[in-house]
Amino acid sequence: MRVLVTGGAGYIGSHTLLQLLRAAHEVLVYDNFANSSPEALARVQQLANRDFEVVTGDMRDANALHAACAEFRPEAVIHFAGLKAVGVSHTQPLDYYTTNLAGTLNLLRAMDAQDCARIVFSSSATVYGEPVYLPYDEEHPLNPLSPYGRSKLMVEMLLRDWAAARRGASAVMLRYFNPVGADASARIGEDPQGIPDNLMPYIAQVAVGQRAALSVYGDDYPTRDGTGERDYIHVADLARAHLAALDFAARSTGCEAINVGTGTSYSVREMVAGFERASGRQIPCRIAPRRAGDVARMCAKVDKAQSLLGWEAREGLEAMCRSTWEWQSANPQGYRATE
Ligand code: NAD
Ligand code: WQD
């Protein structure tokens, strides 16, 4: 299939790109490298030993998107490109709505012009907000707690209306839980700029000595050990879910939101212990106040992914920690050393 991958140089995009190439799809990556490196694409090209097209372009640039779609004529789109820092979205909400929401509008118009009616979208479990019950199923009320989360929910609404109005259209909105880990090659992985917001890259940077200690944001939550629990999903499993979603989009019409998680949650302490086992390094921790906007626990109900996509997670905590450690220790500066 001819697949346009927006944000294909990013963390999840690069892992998905590798699997798309290995599955013999024809790919065009559209990315402005705002939060990624061309080096990630060079490494994917080496790993897959296959070429693909790349356009350096911005989701906010409707003309550039239109031109890229007109040239490539995609049969389907996987839409990763966007801004994802929850904290920054509170201070820069217009940037988040412009890139995430208006960027998706530009994309749908460019797709419409080429009669491309299949899209797989990177949504997020953050659309659920404070749990009314757990595990979250896809019918759980939607009440995101940040401008970032609201931009994801707005895109979901947009896609629902687009798919309803367009004959033959198919939109699959994958609600990711907490993606972690790296490709088994240790050649591609998560490479945050500056101080990592997320737990796993922070732990990894402590393990290689770039940061002194992990701040554990609260140990008085009503969870197994008092620290926050999350449903971590290996990025290779998540990438595979996108290929399954592409297949599903090719044989269905309409719009579906689908959780992508494992159905199991781990606490911060359990993640630290898992990483210590995988790396053989001590991770110094200090207890810090709770982080604003955090919920105690999140966990996915994963039946819908299994029934609609025939997909389920394969990798557990050990592989998540091991692959993160192998990536981080082989690339302590991420992609920067080779740029
Ligand atoms: P990432 O930042 O690594 O990748 C996003 C990519 O989009 C980057 O390559 C970036 O350069 C590109 N991009 C950003 N703004 C752009 C613009 N204006 N025009 C063109 N390209 C642009 O993030 P990721 O972790 O790979 O996430 C991919 C998607 O999944 C995002 O939409 C994110 O919101 C969503 N998501 C991520 C997580 C997570 O924890 N990583 C969880 C749920 C959902
Ligand atoms: C996990 C746990 C923290 C860092 C975020 C976004 C969400 C989605 C995934 C995009 C929590 C604790 C963390 C640290 C810590 N992204 N923690 N010390 O908050 O579940 O989800 O990423 O859609 O929208 O909100 O992930 O990795 O930041 O935190 O104790 O230095 O680790 O409190 O319990 P989160 P996270």
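Student: In strand 6, which residue is the bridge partner of Ile 119?

Tutor: The model is predicted, local features need pLDDT of at least 70, and side-chain atom pairs count only at pLDDT 80 or more. Residues are numbered from 1 along each chain as its sequence is written. Strands are DSSP runs (E, at least two residues) and helices likewise (H or I, at least four), numbered from the N terminus. In strand 6, the bridge partner of Ile 119 is Ala 171.

Student: What angle does the direction of helix 6 make with that of strand 5?

Tutor: Axes are lines fitted to C-alpha atoms, for helices over the stretch in contact (heavy atoms within 4.5 Å). Angles run from 0 to 180 degrees between N-to-C directions. Helix 6 (residues 147-165) packs on the sheet and touches strand 5, strand 6 and strand 11; the angle with strand 5 is about 155 degrees.

Student: What is the strand order of the open sheet?

Tutor: The sheet has seven strands with parallel pairing. Their order is 3-2-1-4-5-6-11.

Student: Why is helix 1 largely enclosed by the rest of the structure?

Tutor: Buried means under 20% relative accessible area, exposed over 50%, and partly exposed in between (1.4 Å probe, protein chains only). Among the buried residues of helix 1 are Tyr 11, His 15 and Leu 21. Helix 1 is largely enclosed because the buried residues number ten of the twelve.

Key
Chains are lettered from A and ligands numbered from 1 in the order in which they are written. Side-chain values use heavy atoms; hydrogens and water are left out. Two strands pair if DSSP finds at least two bridges between them.
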